[in-house]
Amino acid sequence: MGEKTVWVTGASSGLGLHTAMALRDDGWKVVAGARSFGEREEKDGMILLPLDVTKDESVEEFVRAALEESGPPDALTQCAGMLVLGSCEETSEEEYIRVMNTNFLGMVRMNRRTLPLMRERGGGKIVMFSSINGLMGVPFQSAYTASKHAIEGYAECLRMETKPF
């Protein structure tokens, strides 16, 4: 069996970067995406591509470029995320929208583009990073907590729907 390929979102820092490096060290071909990446670059044994999961056009461009680099992925690991701190009453609607658009809808966008590719190739794995906040509320993190609760529910549905595949 040849080299396995993984696409990693949110790979510029934190859990995303460390996940991408661990997968690379384990022998995976890593195509890493992040909002802060500029033009295509090869760095530290990984292919870096720009990716803003909040924008359909950016997701489409990432998938197109990643397919050129590696073909369909064996795995998709989704780490893109953001945190806004503040009380429920002081967190603006715009902040809630920004967090949900990144943490939850960004995953939905990537899954919708990647699942058909995985089905076509006969399988694959999707890992979606959540948090303990997806199971319980944490004061002053309501937007983040809401996004992680959404991921938990979505992941349960996705698992049931894709189990036959």
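A: Lys55 has a relative accessibility of 44%, so Lys55 counts as partly exposed. Buried means under 20% relative accessible area, exposed over 50%, and partly exposed in between (1.4 Å probe, protein chains only). The model is predicted, so local features need pLDDT of at least 70 and side-chain atom pairs count only at pLDDT 80 or more, while totals for chains, interfaces and linings use all residues. Residues are numbered from 1 along each chain as its sequence is written, and side-chain values use heavy atoms, leaving out hydrogens and water.

Q: Which side chain does Lys55 meet in a salt bridge?

A: A salt bridge is a side-chain nitrogen of Lys or Arg within 4 Å of a carboxyl oxygen of Asp or Glu. The partner of Lys55 is Asp52, with 3.4 Å from N to O. At 11% relative accessibility Asp52 is buried, whereas Lys55 is partly exposed.

Q: How many salt bridges does a search of the whole structure find?

A: The search finds 10. One of them pairs the side chains of Asp25 and Arg24 at 2.9 Å, N to O. Asp25 is exposed, at 61% relative accessibility, and Arg24 is partly exposed, at 22%.

Q: Which parts of the chain does the pair Arg113 and Asp56 link?

A: Elements come first: helices (H or I, at least four residues) and strands (E, at least two) are DSSP runs, numbered from the N terminus. In the Arg113–Asp56 salt bridge the closest N and O atoms are 3.3 Å apart. Arg113 belongs to helix H3 and Asp56 to helix H2, 57 residues apart, so the pair links distant parts of the chain. Asp56 is partly exposed, at 37% relative accessibility. Through shared partners, salt bridges join Asp56, Glu60, Arg109 and Arg113 into one network.

Q: Which residues touch the most other members in the largest nonpolar core?

A: In soluble globular proteins, nonpolar side chains tend to be buried together. A nonpolar core here is a set of buried Ala, Val, Leu, Ile, Met, Phe, Trp, Tyr and Cys residues joined through side-chain atoms within 4.5 Å. The largest one has 16 residues, and Trp7, Val31, Leu49, Phe62 and Met110 touch the most other members. Strand E4 (46-50), helix H2 (56-70) and helix H3 (93-121) each give two or more residues to this core. H2 supplies the largest share, 5 residues.

Q: What does Phe62 touch?

A: Contact means heavy atoms within 4.5 Å. Leaving out residues up to four places away in sequence, Phe62 touches Trp7, Val31, Ala32, Gly33, Leu49, Pro50, Leu51 and Met110. A second, separate core has 14 residues, among them Val6, Ala20, Phe37 and Cys79.

Q: Where does Phe37 lie?

A: Phe37 is in the loop between strand E2 (29-34) and strand E3 (41-43), and it is buried at 15% relative accessibility. Its contacts beyond four places in sequence are Ala11, Ser12, Ala32, Leu48, Leu49 and Pro50. Phe37 and Pro50 are 13 residues apart in sequence, with 4.7 Å between their C-alpha atoms.

Q: Is Ser142 buried or exposed?

A: Ser142, found in helix H4, is buried, at 16% relative accessibility. It touches Cys88, Thr91 and Tyr96, not counting residues up to four places away in sequence. Ser142 and Tyr96 are 46 residues apart in sequence and 8.5 Å apart from C-alpha to C-alpha.

Q: What about phi in Asp44?

A: Most residues other than glycine have a negative phi. Phi of Asp44 is near 55 degrees, a positive value; Asp44 lies in the loop between E3 and E4. Phe140, also not a glycine, has a positive phi of about 70 degrees. Phe140 sits in the loop between E6 and H4 and is exposed, with a relative accessible area of 56%.
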